[in-house]
Amino acid sequence: MTKIDEIRREMDKILTILEESDNEMFRLMYNQEESFDPQFIKEIVISDIKQIRDSKTRERALYYINRFLKNLGEPQNSKINDINLSRWKLYGDIITDSLWIFKKRDSSGPHNASYWGNFVPQIPYQLLRRYTKKGDVVVDGFLGSGTTLIECAKLGRNGIGIEISSDVANMAMLNVSKAVNSEHNFQDIVIGDSQTFDITSILESHNVNSAQLIILHPPYWDIIKFGTSENDLSNAPDESKFLNMLTKVINNLSRVLEKRRYMALVIGDKYSKGNWIPLGFHAMERVIDSGFILKSIVVKNFEVTKGKREQKDLWRYRALKGGFYVFKHEYIFIFQKK
């Protein structure tokens with residue numbers, strides 16, 4: 001009997017034991033601090049053992065065995081998140097593809113879709129998991145109804161949200177106050193203009209001097225008017241003015257972002273007089289010009305907006321007549337500070 005046949009026989013014995021074992025044993029095997037589903041851990045372990053058993057050569061089987069044993073050993077920690085790369089297969093909820101398709105928004109806890117223009121909670125959830133650790137500081141320059149800070153509270157991150165509208169900020173305060181905050185992290189909401197607001201004073205009040213992630217979800221220029229203030233980006237008279245205002249926000253907030261840490265810009269394009277305006281890519285260029293490295297471009301779907309909910313047929317007719325396509329996506333640009 002060859003060596004590879006011996007390995008296969010031993011793996012079959014191990015598989016028999018594992019498949020009959022209680023799920024909780026697998027949690028103990030990995031000694032996880034995070035609340036991974038033990039059934040999911042069991043499936044991953046069994047899959048790894050099957051991969052060893054089904055190897056074509058002895059050398060490949062030994063490679064998989066060594067990798068499996070290594071993953072059971074010391075954690076491989078990241079500098080920017082809480083992901084243990086030795087056990088990366090367990091993080092099935094974290095997206096690594098550049099196309100994000102969500103069938104519906106997360107409506108758990110205080111999350112709701114009542115505010116026109118807020119983004120789905122899955123976006124900050126993914127960004128926080130990938131680019132922050134527990135206890136890090138996250139700044140949202142366009143807080144809206146508080147989505148980012150609700151996720152910060154849930155995931156044990158500190159949050160600072162800036163909102164130019166006092167009415168919207170009060171709504172956010174109510175929403176965030178209902179969020180579960182078991183880690184007792186601070187979630188500060190301030191009424192102000194992200195172009196000029198001195199965020200260092202908020203950081204200093206918590207004895208910290210920097211942020212580890214910035215999330216920006218600005219108005220998509222004038223598609224939705226969010227207020228009457230001339231400093232509201234949705235009231236910019238033209239695209240050039242909008243981009244200049246957004247650049248001021250980027251430069252102002254990025255002062256407190258640690259070097260080599262990340263900024264995310266969530267934005268879409270728009271139509272004007274029958275022409276497509278690539279607003280997202282123009283905004284992307286402004287961030288790059290402000291001293292950031294472009295790391296990824298994520299395309300995220302959306303099915304029905306409030307503005308088109310009752311006008312689906314009308315927009316289809318307009319598209320057929322005008323030679324364009326109806327928007328079904330927005331962008332999430334990921335940048336790293338130099």
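## Reading the model

Helices (H or I, at least four residues) and strands (E, at least two) are DSSP runs, numbered from the N terminus. Tyr115 sits in the loop between two such elements, strand S1 (99-100) and helix H5 (122-131).

This is a predicted model, in which local features need pLDDT of at least 70, side-chain atom pairs count only at pLDDT 80 or more, and totals for chains, interfaces and linings use all residues. Residues are numbered from 1 along each chain as its sequence is written, and side-chain values use heavy atoms, with hydrogens and water left out.

## The whole chain

The chain holds eleven helices and ten strands. Its C-alpha trace spans about 80 × 55 × 35 Å along the principal axes. Of the 338 residues, 48% are buried. Buried means under 20% relative accessible area, exposed means over 50%, and partly exposed is in between (1.4 Å probe, protein chains only).

Contact means heavy atoms within 4.5 Å. Take the contacts in the chain with a separation of 6 or more: residues 24 or more positions apart account for 70% of them.

## Surface and charge

The chain exposes about 17800 Å², and carbon and sulfur atoms supply 51% of that area. Accessible areas come from the Shrake-Rupley method with a 1.4 Å probe; for residues, only the protein chains shown count as cover.

There are 48 positive and 43 negative side chains. Lys and Arg count as positive and Asp and Glu as negative, while His and the chain ends are not counted. The centres of the two sets lie 4 Å apart. Each charge is placed at NZ of Lys, CZ of Arg, CG of Asp or CD of Glu.

## Cavities

A cavity is a set of points, on a 1 Å grid over the protein atoms alone, where a 1.4 Å probe fits but cannot get out; lining residues have an atom within 4 Å of a point. Grid points are joined across faces, edges and corners, and a volume is the space filled by probe spheres set on the points. The count comes to three cavities of 30 Å³ or more.

The largest cavity has a volume of about 90 Å³. Ten residues line the largest cavity, and Asp48, Asn71, Ser86, Arg87 and Lys89 lie nearest its centre. H3 and H4 are the elements that give two or more residues to this lining.

Ile49 is found in H3. Ile49 counts as buried because its relative accessibility is 4%. Ile49 touches Met11, Ile14, Leu15, Leu18 and Phe68, leaving out residues up to four places away in sequence. Glu43 is also in helix H3. Glu43 has 43% relative accessibility, so Glu43 counts as partly exposed.

Next comes Ser55, in the loop between helix H3 (38-53) and helix H4 (58-72). Ser55 is buried because its relative accessibility is 3%. Its contacts, apart from neighbours within four places in sequence, are Ile4, Arg8, Arg60, Ala61 and Tyr64.

Arg260 is partly exposed, because its relative accessibility is 45%. Arg261 is buried, because its value is 7%.

Arg261 touches Lys79, Ile80, Tyr131, Thr132, Asp136, Gln212, Phe335, Gln336 and Lys337, not counting residues up to four places away in sequence. The C-alpha atoms of Arg261 and Ala211 are separated by 8.6 Å, and the two residues are 50 apart along the chain.

## Positive phi angles

Most residues other than glycine have a negative phi. Arg260 is not a glycine, yet its phi is positive, about 70°. Trp221 is not a glycine either, and its phi is positive at about 60°. Trp221 is placed in the loop between strand S5 (211-216) and helix H9 (239-253). Trp221 is buried, because its relative accessible area is 9%.

Gly323 follows H11 and has a positive phi, near 75°. Helix H11 (residues 312-322) lies largely in the open, because one of its eleven residues is buried.

## Distances along and across

Glu43 and Leu90 are 47 residues apart along the chain, with C-alpha atoms separated by 9.9 Å. Tyr115 and Met25 are 90 residues apart in sequence and 45 Å apart in space, C-alpha to C-alpha. Ile49 and Pro219 are 170 residues apart along the chain, with 50 Å between their C-alpha atoms.

How values were computed: 1 Å grid on protein atoms, 1.4 Å probe; cavity = no way out; pocket = protein on both sides within 12 Å on 5 of 7 lines; lining within 4 Å.
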